[in-house]
2 protein chains.
Amino acid sequence: MSKYAQLCAHGRGSATLKSISALLAWDQETYMPRGGGDARAEQMALLAGMMHDRTSSKDLGDLIAACESESLDDQQRACVREFRRDYDKQTKLPKSLVEELARTGSKAQDVWKDARKNNDFKAFAPWLSKMVDLSRQKATCYGFEPGGEVYDALLDEYEPNAKARQVESIFKPLGEQLSSLVRELTESGKTPSDAPTKVHAPKDRQHALGMYVLRAIGFDLNAGRLDVTTHPFCEGLAPGDTRLTTRYDERYFPGALYGTMHEAGHGMYEQGLPKCKTHKGPGGDAIESFGTPLADSISLGIHESQSRMWENMVGRGRPFWKWLHKEACDQFAELGKFDVDEIYRAVNIVRPSFIRVEADEGTYNLHVMLRFGIERAMIAGDLSIGDLPGAWNERFKQLLGLDVPDDAHGCLQDVHWSFGLFGYFPTYTLGNLYAAQFWETIRQRMPGLDAEFTRGDFSQLLQWLNQNIHGHGRRYRAGELCEMVTRRPLESRPLLDYLSVKLRDVYGL
Amino acid sequence: MSKYAQLCAHGRGSATLKSISALLAWDQETYMPRGGGDARAEQMALLAGMMHDRTSSKDLGDLIAACESESLDDQQRACVREFRRDYDKQTKLPKSLVEELARTGSKAQDVWKDARKNNDFKAFAPWLSKMVDLSRQKATCYGFEPGGEVYDALLDEYEPNAKARQVESIFKPLGEQLSSLVRELTESGKTPSDAPTKVHAPKDRQHALGMYVLRAIGFDLNAGRLDVTTHPFCEGLAPGDTRLTTRYDERYFPGALYGTMHEAGHGMYEQGLPKCKTHKGPGGDAIESFGTPLADSISLGIHESQSRMWENMVGRGRPFWKWLHKEACDQFAELGKFDVDEIYRAVNIVRPSFIRVEADEGTYNLHVMLRFGIERAMIAGDLSIGDLPGAWNERFKQLLGLDVPDDAHGCLQDVHWSFGLFGYFPTYTLGNLYAAQFWETIRQRMPGLDAEFTRGDFSQLLQWLNQNIHGHGRRYRAGELCEMVTRRPLESRPLLDYLSVKLRDVYGL
């Protein structure tokens, strides 16, 4: 067996272990009885220990090194490059720092919960301070390119190769123009009625509608399922096994509908990765791709581009509602009072608000940009923790025009920082940017898409995504893939164009 | 840390691995999408390999040996004795035989499925022959006591220390007297009406009733749950996490009701084992019991005694129906036409039939005894495989008075032999025997039980089982426990007395 084949087999073993942990985590959120918590923690710890031993073993390092001097084709070289990336990440942090991050993060998260509930930033501040320090230490261990900044090392964990400066150069014009678009809409006096979103929608009917949509858009239910959890998520659990969750609010059906489509977007990416396929090894032999970077997702940004495309570009579009109108009205009797256009407009209302996770398509990215600027300054040491609330509220007023009433509705709202997720937020907006840029290309290549969606046929879109995005795994970095597919580097224009055209249409401007 | 504490910690690690496999198996039967099958097989194989390495490791053998020469109290000695038993069982079989049993058993099971469907014993015969041979080889590796027989070594896997001859000495009088009791009942002309069992019972109503019963009898739903599968089972998955399954037939509600109570009986045994408790180590230190034999179940027979007691002694009793009548009639409107006595009699009808898993309480043990006699003769070489159908049909006529129409309704009906479960069948009747003997003792000690059941209070019974049966884990062997609790060795009289009194009452004889 070639070293390359051995390396892939090693990866397969690790991926199988990881898939077991993923099932345990899924079960914990869905069906595990409360009393099983302690035992579940033991099970997870056992697997985490095994996983750590495998993925940081000298054997693995030797295999990677051996492959680096083998004669390989482009695809195999990309595969080894990504194995190297993961191994270095895994071995660059001293064990003491990993443990300290886990321990402090766990406590900080508990403190954050109370602090948010009691609107008490002062209680959280010393813990946030610790997490910023530890994250800076982590970044220093990872290192970053000359000319870059500490923050780059953190961003790189979630969005390989992305740099803060480059992200800033896209976010800056986007923020300014989005702010003025939002002002134009909200001051137009033409806000659509939200009555269609408030019809009574029984949970079982919402579930039936969600399943109807999943089947239509092409999420493979023979290789996946949909359950209910407090916090919706998608878990690409194992080859042939991708699980989505959602939650139902009987007085606001778009929450579950778009939540389900969002997770299905992630899910169809997972299902589109070549986990059940093989690729050519150095000797021409067929090598299973599962467990190698060739069957893994590129970055959080690209993952999010898939979820946001199905949720927003598809699901909040007029053709989609032309198709779904009948079925939705069959499920929710009161919806029959509204026509396609009224529903389409109602699910696209733009309204500045304080909480990111409840934000609409027009304001969402402003929430993200705020966080990007602030966390970048905290990591650089340019913003002291004590100044965070003031900086947050000032910037929020600039971007969204609202006065933040308290820190619970401001800088205390998200869990991320409490356990050290610095560099994660920007991937949400990168996802929207990638989605819009892909979407522009897709619209040019497939002029008949609206007509297909109106008939409930989404297959051409999914097929294109499978071929152009999903099928490559981690062979290309996100930026490279974007240029390959759209013939341009990532930029803010496509997202701005998409939002301006659509939202002006919604508001009749 | 004492060697004893190290041994227990080793056991805990293995038990945690095993609990992970158990979740994977549970998920496979309940929620796994079809497409996840191949990946699940990989996950299971990975865990099985790790498990095998751990439980047959030289380290473990050395630890056990070291403990055997430590100064220990009775409880600790029993614990080490059982660790030794498991280790010897694990290491006595050569790897080649284990693999051959798994491989041949898997193929034989496929052949059996078709053979049963096509009523084609000849197709199955050569595979059954192989499985008998391999099982005999396995028994020879395990060994058996002087004066015993090869079959003892197989029986011992499921019912430690039980001997075929002793089982026979109990089964023989039981079989004769049960046969004549069944004849007396069926020829009495007083068979009750089965109309109450045939009322329309919607699945969701059956589920609600099942949950109502689970809560009342004391199955802890904070530490367990109930789901739906094709074949009902109970999985004592991990400390604080015991899962039951059932299935619903809208035209026969007793199937799910008694199936659920049966699995709950297993489940309450699992919940009653001291998995979340500690016991005293040699230095007086507190040692977690989970993963040691002190928190494990004794035998299949004792496990089955718990499921059958709740299903039959409790659930098919008149006091139980006095309590459940109102709730059951609220759930199934048509049941309101029948009074307590009519329902009680309907769920206790005795009617000889061909299929074991559908048999009533009066005839069930006759099915088991038939299999015990036949498999014992096959293993001993006293019955050739070709003669199996004839022997089956002849003995069936003697015991149950019916002419077997074909092998699908005869010797081909059970899956057990196809994958080498020889020695398993008798534990079903041992379970009924233990249940009846425990029950007799319980009735003597708790004269107010009927009144409590009528009020829906089952707590005194559960508490007694917790203390006298569950809490000991594997400290005592089944026979010992029986003598401790009932002051007599296991015998056939209590089961015969229980069935005669109850069934004559049901038939008004």
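How many residues does the contact take from chain A, and how many from chain B?

## Chain contact

The model is predicted. The contact takes 28 residues from chain A and 28 residues from chain B. On the side of chain A that touches chain B, the elements giving two or more residues are α1 (3-30), α2 (37-55) and β1 (224-228) of chain A. The most comes from α1(A), with eight residues. By class, this side of chain A has 13 nonpolar, nine polar and six charged residues.

## Helix α8 in chain A

Helix α8 of chain A covers residues 164-186, 23 residues in all. From first C-alpha to last, α8(A) reaches 31 Å, close to the 33 Å expected at 1.5 Å a residue.

Its buried residues are Ala164(A), Val167(A), Phe171(A), Leu174(A), Gly175(A), Leu178(A), Val182(A) and Leu185(A). An α-helix has 3.6 residues a turn, so residues three or four places apart point the same way. The cover over the buried residues of α8(A) includes α7 (150-158), α14 (364-380), α15 (388-400), α16 (426-445) and α20 (493-507) of chain A.

## α8 against α14 in chain B

In chain B, the axes of α8 (residues 164-186) and α14 (residues 364-380) come within 10 Å. They cross at roughly 140 degrees. The two helices, α8(B) and α14(B), are therefore oblique to each other. The crossing of α8(B) past α14(B) is left-handed.

From α8(B), the contact draws on Ala164(B), Val167(B), Phe171(B), Leu174(B), Gly175(B), Leu178(B) and Ser179(B). They meet Asn365(B), Leu366(B), Met369(B), Phe372(B) and Arg376(B) in α14(B). By class, this contact of α8(B) with α14(B) has eight nonpolar, three polar and one charged residues.

Technical notes: Residues numbered from 1 in each chain as written. Chains lettered and ligands numbered in written order. Predicted model: local features only at pLDDT ≥ 70, side-chain atom pairs only at ≥ 80, totals over all residues. Axes fitted to C-alpha atoms, helices over the stretch in contact; angles between N-to-C directions. Helix = DSSP H or I, 4+ residues; strand = E, 2+ residues; numbered from the N terminus. Parallel < 35°, antiparallel > 145°, perpendicular 65-115°, else oblique. Left-handed = near helix turned anticlockwise from the far one by under 90°. Contact = placed C-beta atoms within 7 Å. Nonpolar A, V, L, I, M, F, W, Y, C, P; charged D, E, K, R; others polar. Expected span 1.5 Å × (residues − 1). Buried ≥ 20, exposed ≤ 12 C-beta atoms within 10 Å, placed from the backbone.
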